[in-house]
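I opened my notebook to look up a few places in this structure.

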Amino acid sequence: MTLEEAMDRALKASPQIVQAQGTIRNAAASERSAFGAYLPSLSANASSSLSSTERLNPTTGTPVTGSADSYSAGLSASWDVFTGFRRKNERMRAQAESQSAEAQLVGQRFTVELSVARSFFEALRAEELMTVAKARIERAREGVEAAERRLAVGSATRSDVLRSQLELNTAQESLLQLENQRLTSGLTLGRLVGTDGPVDPAPSGPLEPTPIQSSREDIISSLVAQAPSVKSAEAAVLSADAGIGTARSQYYPTVRLSAGYDWFNQDFGFAGGRTSWSVRLGVSYPIFDGFQREGGMIRATTAAEVSQAQLLDTRRAVRSEAERVMSQLALSEKRVTMARQAVEVAQEDLRVQQERYRLGATTILELLTSQAALVEAQNNLVSLRFDYLLSRSELESVLGRKL
């Protein structure tokens, strides 16, 4: 499975993405409700009553049975003419919550992609390290054979064979550990993409460090302005400001217009009956509510101050994280270049030591030291390459877009 396929499947299987999408739907519903507050409310009602009556006829002295049925229906409407700008602020808050939910979805999407990339690259790292370990095992076997040949002709000691065998055992143990790491990373990747069992990563191209085209200043500026966490914090500030307006609306009177039309009949049918209508315009103003308005205003103001402080802190955090990752990327690029040079030097040194050992001009200890230096250089190169790829994925996660 390629990295692109893994990310696409993980976005569909991630519970965090599903939850973020649900938050957007809830925010959209709240926004519709806030808009609906500007519209009049309309309701209809209907009822019927069937009952019997029994009375005594004074003329005949006999009981008479009858009925007292009734049927009624009505239609009523009401509209808030003025609410102290409460509806406006509630709609602004709903819109801010929608913006925050969308920003959180973008941020969550890149968080999931970062988790996938980390597991994907860790699996590939283990595979490449396994290749290094297999080459180490092959060299160790050749070293054992060479030591045994020299022992047979008397140009080496039993210690040379034992040291060579110890290197072979160590290389085989390292391979077993890397195989376990590879399986663990594959299982983690499988869980992220919604698969029961491990997933084998399939790189779609060479996994080599590539320089970022954008300048450091452009990336930092874009992060501070467009990062999902920053946009979510900005939306929280707008929502808190709207909350202040909502709390302030309690200091204004409320004006409501209502109207109704009613129909009543004692017979089942629309013919005849009595009708009535009404129109009402009312104004209400709470003169004293036990300091509830003041308390609400204080809470809203406090929430606005907190959200503003969180916005400033989020911008600083994003800038700091971007600076850290950018510095890490620059350092990784230089370290990868030096690691490649180190591998070339270690390979040449090992070639020389192998030839000298074959000619009897050096000891087994020096040969094993050169082999260990080559393994270390190769492992370091593999790790640095994938560290760079992971750092780049982290930067994209913070930025909220691909680089």
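**Entry 1: S307.** I looked up S307 and found it buried, because its relative accessibility is 6% and the cut-off for buried is under 20%. I am working with a predicted model. I placed S307 in helix α7, which runs over residues 292-359. Then I asked which residues S307 touches, leaving aside those up to four places away in sequence. I found A236, V237 and A240.

**Entry 2: helix α1.** Next I went to α1, residues 3-13. Which residues are buried there? I noted L3, A6, M7 and A10. These four lie on the same side of α1, because they cover an arc of only 95° around the axis.

Entry 3: I turned to the strands. I found an open sheet of four, in the order β1-β4-β5-β6. The pairing is antiparallel. Which strands are at the edges? They are β1 (41-49) and β6 (274-284), and each of them pairs on one side only.

I then took one pair by itself. Strand β5 covers residues 254-265 and pairs with β6 over 11 bridges, in the antiparallel sense. I picked out Y261, and opposite it stands W277 in β6. As a reminder to myself, strands of a sheet pair through backbone hydrogen bonds.

**Entry 4: two phi values.** I looked for backbone angles worth a note. Most residues other than glycine have a negative phi. F85 has a positive one, about 65°, although it is not a glycine. Where is F85 found? I traced F85 to the loop between β4 (70-82) and α3. I put F85 down as partly exposed, because its relative accessible area is 45%.

F291 also went on my list. Its phi is positive, about 65°, and F291 is not a glycine. I found F291 in the loop between β6 and α7. Is F291 buried or exposed? I wrote down exposed, because its relative accessibility is 57% and the cut-off for exposed is over 50%.

Terms used. Residues numbered from 1 in each chain as written. Predicted model: local features only at pLDDT ≥ 70, side-chain atom pairs only at ≥ 80, totals over all residues. Heavy atoms only, no water. Helix = DSSP H or I, 4+ residues; strand = E, 2+ residues; numbered from the N terminus. Buried < 20%, exposed > 50% of the residue type's maximum accessible area, 1.4 Å probe, protein only. Contact = heavy atoms within 4.5 Å. Arc of directions from axis to C-beta. Pairing = 2+ DSSP bridges.
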